[in-house]
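Biologist: Before using any label on a model, I would like to hear what each one rests on. Can we go through them in turn?

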There are 2 protein chains.
Amino acid sequence: MDESSERRSKSSGPKGSGPVPKAVVSRLSLYLREIQHWVREGKETISSTQLGKLLGFTDAQVRKDFAYFGQFGYPGIGYRCGELTAAIRSILGTDRSWKVALVGCGNLGQALMGYRGFADRGFEIVAAFDSDPTKFGRSLAGRTIEPLADFARIAAERDLRMALLAVPAPFAQEVADGLVAAGVTGILNFAPVTLSLPRTLQVIGVDLAIELEQLAYAVVQSRS
Amino acid sequence: MDESSERRSKSSGPKGSGPVPKAVVSRLSLYLREIQHWVREGKETISSTQLGKLLGFTDAQVRKDFAYFGQFGYPGIGYRCGELTAAIRSILGTDRSWKVALVGCGNLGQALMGYRGFADRGFEIVAAFDSDPTKFGRSLAGRTIEPLADFARIAAERDLRMALLAVPAPFAQEVADGLVAAGVTGILNFAPVTLSLPRTLQVIGVDLAIELEQLAYAVVQSRS
């Protein structure tokens, strides 16, 4: 992930000093995922030790991360899963559902459209766009593929503010510029390019080849 | 410099103290991506200022990152793109090609199979596996889907050490255990679960819903 370059945050630390580190916010998502698995197993409370163990973190790390946002634990009980889930969702902004646009309906776009994990976390892909006329009107996981040229109009009608950008690299910048002009404020960019966009726009890059490259590095290092 | 000390210098900081921070290694991939675009535009050298500008980093950051691994720049010239590309690839371990197995041929697996970005970075998916008998023998981007039960045999025959794990979350741990038993040393895990595996195994998790969640957080913060 291009976390070093493309994530920005403005919220405050435990003492209101400076932004919460990206790594902490990133761990909140991992905590939430584990708590949700825990709840599915019928458990109602979880300790910082248990939560840390699931992720390979110390209990002190877990407590310190949550301390950025408030006091969530109970002595002798740990965290109440329902309460902690609601708190993390509220922090992350996923206590409400988000309507998301898919831009680019190639192989990857089609997989993203069918990916169930998004809905589980409160994200609903409500519209899909492509610039290939042969795809217009085709159905993709229950949505009709719309012409990319209609993006601004449809985004306004459906109040679309987030987009999954899954177009080929050479078109990504131009398409992203169009999304921004249409009022999009967050882009999850799957194209393997660094986009040059206004700082008001939030972008997270997901470059799958880079992930694999980082894995190769880890494998090589582990042998030496 | 003998071979062992050279290898050690790859995983040590500028003063030989401790491992290279993950963020630095992660930025190497971004540098490489930008240099490759730069070369495609016909350019032969790049300065730290130019490279930093493409990614939103300072020139000092760029030079500091490369300093972990050696001296690559030339005064008055900058970096020679070909040389720097080769050096970064050598550091990352992608100066040779990697044979990769795809495990799980659902929507996401099919998209991964068709993803051209992998080959561009030196990764070739040479085998695809699934546990659904109705998929056995079907062709996916030129590969035949093999029974997951045959993984160990095929992995040994084709010397497969890296895998893309794209199976549903409830099966991910069990399948990963099987991959490890078959000699896999690196897993790119797309299932939204934290795997519990031996420390010798390298795992990078790619949870697309978590990426979107992190984006939601950034969008909410940018408004406040």
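This is a predicted model: local features need pLDDT of at least 70, side-chain atom pairs count only at pLDDT 80 or more; totals for chains, interfaces and linings use all residues.

Biologist: Which domains does chain A have, and how far apart are their centres?

Modeller: The domain assignment gives domain 1 (3-92) and domain 2 (98-210) of chain A. The C-alpha centres of domain 1 and domain 2 of chain A lie 29 Å apart.

Biologist: How do you know that chain A touches chain B?

Modeller: Contact requires C-beta atoms within 7 Å. By that criterion 58 residues of chain A are in contact with 55 residues of chain B. Elements of chain A that give two or more residues to this side include helix H2 (22-40), helix H3 (48-55), strand E10 (202-205) and helix H10 (208-223). H10(A) gives the most, with 15 residues. The residues on this side of chain A divide into 27 nonpolar, 21 polar and 10 charged.

Biologist: Why is Val184(B) called buried?

Modeller: The label needs 20 or more other C-beta atoms within 10 Å. Val184(B) has 24 other C-beta atoms within 10 Å, so Val184(B) is buried. Val184(B) lies in the loop between helix H9 (169-181) and strand E9 (186-189) of chain B.

Biologist: What is in contact with Val184(B), leaving aside its neighbours within four places in sequence?

Modeller: Val184(B) is in contact with Ala155(B), Leu160(B), Arg161(B), Met162(B), Ala163(B) and Leu179(B), with those neighbours left aside. Val184(B) and Ala156(B) are 28 residues apart in sequence and 9.7 Å apart in space, C-alpha to C-alpha.

Biologist: What makes strand E4 of chain A mostly covered?

Modeller: In strand E4 (98-103) of chain A, 5 of the 6 residues are buried.

Biologist: How do you know that E4(A) pairs with strand E5 of chain A?

Modeller: At least two bridges are needed for pairing. E4(A) and strand E5 (123-130) of chain A have 6 bridges, in the parallel sense. E4(A) is also joined to strand E8 (162-165) of chain A by 4 bridges, again parallel. Ala101(A) stands opposite Ala127(A) in E5(A), and its bridge partner in E8(A) is Ala163(A).

Biologist: Why are strand E6 and strand E10 of chain B placed at the edges?

Modeller: The open sheet of 7 strands in chain B has the order E6-E7-E5-E4-E8-E9-E10, with mixed pairing. Strand E6 (139-140) and strand E10 (202-205) of chain B each have a single partner strand, so one side of each is left without a neighbour in the sheet. Inside that order, 4 bridges join E4(B) to E8(B), which run parallel, with Val103(B) opposite Leu165(B).

Biologist: Which strands of this sheet does H9(B) touch?

Modeller: H9(B) packs on the sheet and touches E4, E8 and E9 of chain B, its direction making about 170 degrees with that of E8(B). Helix H8 (151-158) of chain B lies across E4, E5 and E7 of chain B and runs at about 160 degrees to E5(B).

Biologist: What makes strand E1 and strand E2 of chain B edge strands?

Modeller: The open sheet of 3 strands in chain B has the order E1-E3-E2, with antiparallel pairing. Strand E1 (45-46) and strand E2 (73-74) of chain B each have a single partner strand, so one side of each lacks a neighbour in the sheet. E1(B) pairs with strand E3 (78-80) of chain B over 2 bridges in the antiparallel sense. Tyr79(B) in E3(B) is the bridge partner of Ile46(B). Helix H5 (81-92) of chain B packs on this sheet, touching E1 and E3 of chain B, at about 75 degrees to E3(B).

Key: Residues are numbered from 1 along each chain as its sequence is written. Chains are lettered from A and ligands numbered from 1 in the order in which they are written. Two residues are in contact if their C-beta atoms, placed from the backbone, lie within 7 Å. Ala, Val, Leu, Ile, Met, Phe, Trp, Tyr, Cys and Pro count as nonpolar, Asp, Glu, Lys and Arg as charged, and the others, Gly among them, as polar. Domain bounds come from an automatic or database domain assignment. A residue is buried if 20 or more other C-beta atoms lie within 10 Å of its own, exposed if 12 or fewer, and partly exposed in between; C-beta atoms are placed from the backbone. Axes are lines fitted to C-alpha atoms, for helices over the stretch in contact, and angles run from 0 to 180 degrees between N-to-C directions.
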